[in-house]
Amino acid sequence: MNQKINQHIAYLMKEKGVNLIISQAKDSNGFVIPHFILSENDIISSVIAINEMRNFFAYLNKQEIKSFKSIGIVCNYFGVKTFFQLKFENQLKDLELFLLIPTDDDFIEITSEKQAEDYLSGLKQSTILVDEELENVKKMSMEERWNYWMKTLELCTKCYACRAACPMCYCSSCTTECNIPQWIPVPASLHGIFEWHVMRAMHLAGRCTECDECVKVCPANIPLNILNKGLHNKISEAFSSDDSSIKYALNFFQPDEKVDFIK
Amino acid sequence: MLNKQIHYSNQQLQSWVDGLIYKGKTVIGPVKKNGVTCFSEIKNFNELILNERTVYSAKEVVLPKYDILFKFAKEKDKVFISKNENSLNNVIVIGLRPCDNEGFDYLRLFFKSDPDILQKLNTFISVTIACEKKFDGCFCEELGIDKNYSNKTDVLIKTSENGYDIYFNDRGNEILSPQASDVKPAEIKKPVPNVSIDNKVAYLKKLSEQYNSEKWKIVSMGCLGCGSCAFVCPTCTCFDVQDEGNTQNGQRLICWDACGMGLFTKHASGHNPRPSQVERRRHRIMHKFVYTQDTEGKISCVGCGRCIAACPAHLNIYNQALQILQ
Ligand code: SF4
Ligand code: SF4
Ligand code: SF4
Ligand code: SF4
């Protein structure tokens, strides 16, 4: 990372009791990987463009990482969005976090929900690429759409890398692991794959931060972002006209609601 | 033994493969599906992708991501069981790499007492392409595997001036059916027995002395606990047995499973002997480099680098083993 961030990392470790920084680096094959800084000796200067950066908030779901308690995390816009959403869902209770967002030759530090909200409201990230692909899918007839998904999903092996790398998939026990009853068939057959992805998309609806980690880690190249974005749009239409006011559609329940599926 | 050789031009290679398909052989090779290079049946030579390493290894030809073991059906008070017979008769797998063959060689050892899988492994005819250069993350040579040669195949294709030198054994002869006048005795560079590899293997075995090393905590930090590394690996063999169906009929399946996942070792009581990624990552590294030295007489990583490319954190299994040993 740039010199200013690195100086600040050294400061956080020396003066603020931060004992782990989850930074980012490039390996010899050019992959962007997490770089764990456990002491000042681990600090390296590395250049990663802000839009190439990944979202490593999923590491905060690991008990071994959580036990560091006071953690710095180098991220971009999507990291801040994830932080905000996780705070909202009460997930970062016992952690003291320092978000470090690189800028040209400086950085921004975020430690509170309020700062995150201010940062996010000042920015609008464009997701034009996904929007285009999503539009293409929406233009398809139902039969074409079905074939499109069958063809792309066919390669899924149920390795669950998408789940493991997703910061919002933090459940300690996933629906896929429930076997009494067996909601989701275990084999990576079309049936099993299809139900897994429908379930996954539903559970992330309105919560997904569109960081695309799931897409980046999928060995089978499955365009999960189309599902994510499609569901996001549906949630926006159904629950709010104003994007920023949707925080958790699955929590959006009023006692006097007349719904026929809750009896 | 690859004891004969012929020469093919680009055109001849293509007509040979298309001819096999025309004659009704099932030809499986590396193709692109939704941008992912993987082994699948081809209907035409031009579908083949011969200049990339596949994302998923060739093991899925023999061990697909899920497979039916048998089906059962109840009629009145009788139960009928029908075994799934899918042999690989008539199948030719083309575009294997030397690491894929080493992988199959390990699978033959591992499944030595499973006649069904062993039969599959020994039935299909293998056509290998020598690697001229390494792909990102490959380290087969570090483990004593010659990327330019394989004697564990029926046909070996090496690029030569204006085409290909093709080496083959008797099984290869059957599918090549060359004109006698084109065939020469094979003149092939046999790999020199590599002494240093014995030292390397012995060195890797020292990992067992590091079982309680504090460094496992460091090397496992990046591991998120998914199945990617196991699912792309040519030598990962673990599977889960699942029954699907109802009281009248159904089927028993084997499905890929992975030691990186927490559920893999979770007992019905809730106890988990490998409670975190520290133990799970250690198990994977130890299994590849130490445990199979005891059980099968060899290390079971063939250095194909597929797990490094597929891992969300791109953890390098070999460098991590060396890091522990340092
Ligand atoms: S979508 Fe991709 S990452 Fe997710 S389970 Fe399927 S193959 Fe694995
Ligand atoms: S884009 Fe994918 S990884 Fe990121 S929050 Fe959404 S579902 Fe999770
Ligand atoms: S452990 Fe990794 S490098 Fe070794 S054989 Fe398996 S996929 Fe290839
Ligand atoms: S090493 Fe990588 S691919 Fe393997 S379980 Fe861990 S995160 Fe997944």
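1. Basis. The model is predicted: local features need pLDDT of at least 70, side-chain atom pairs count only at pLDDT 80 or more, and totals for chains, interfaces and linings use all residues. Residues are numbered from 1 along each chain as its sequence is written, chains are lettered from A and ligands numbered from 1 in the order written, and side-chain values use heavy atoms, without hydrogens and water.

2. Extent of the interface. Chain B gives 39 residues to the contact and chain A gives 40. Contact here means heavy atoms within 4.5 Å. The two chains bury about 2900 Å² between them, with 63% of it on carbon and sulfur atoms. Buried area is the accessible area (1.4 Å probe) that two parts lose on being put together, summed over both. On the chain B side, B:Asn34, B:Met221 and B:Leu224 lose the most area to chain A, together 23% of what that side buries.

3. Charged pair. The rule finds 1 salt bridge across the interface of chain B and chain A. A salt bridge is a side-chain nitrogen of Lys or Arg within 4 Å of a carboxyl oxygen of Asp or Glu. A:Glu154 forms a salt bridge with B:Lys33, their closest N and O atoms being 3.9 Å apart.

4. Make-up of the chain B side. The residues that touch chain A divide into 22 nonpolar, 12 polar and 5 charged. Ala, Val, Leu, Ile, Met, Phe, Trp, Tyr, Cys and Pro count as nonpolar, Asp, Glu, Lys and Arg as charged, and the others, Gly among them, as polar.

5. Ligand 3. Residues around ligand 3 include B:Cys233, B:Cys301, B:Cys304 and B:Cys307. B:Arg284 and B:Lys288 also belong to these surroundings. A residue is near a molecule if one of its heavy atoms lies within 4 Å of it. The shell divides into 8 nonpolar, 2 polar and 2 charged residues.
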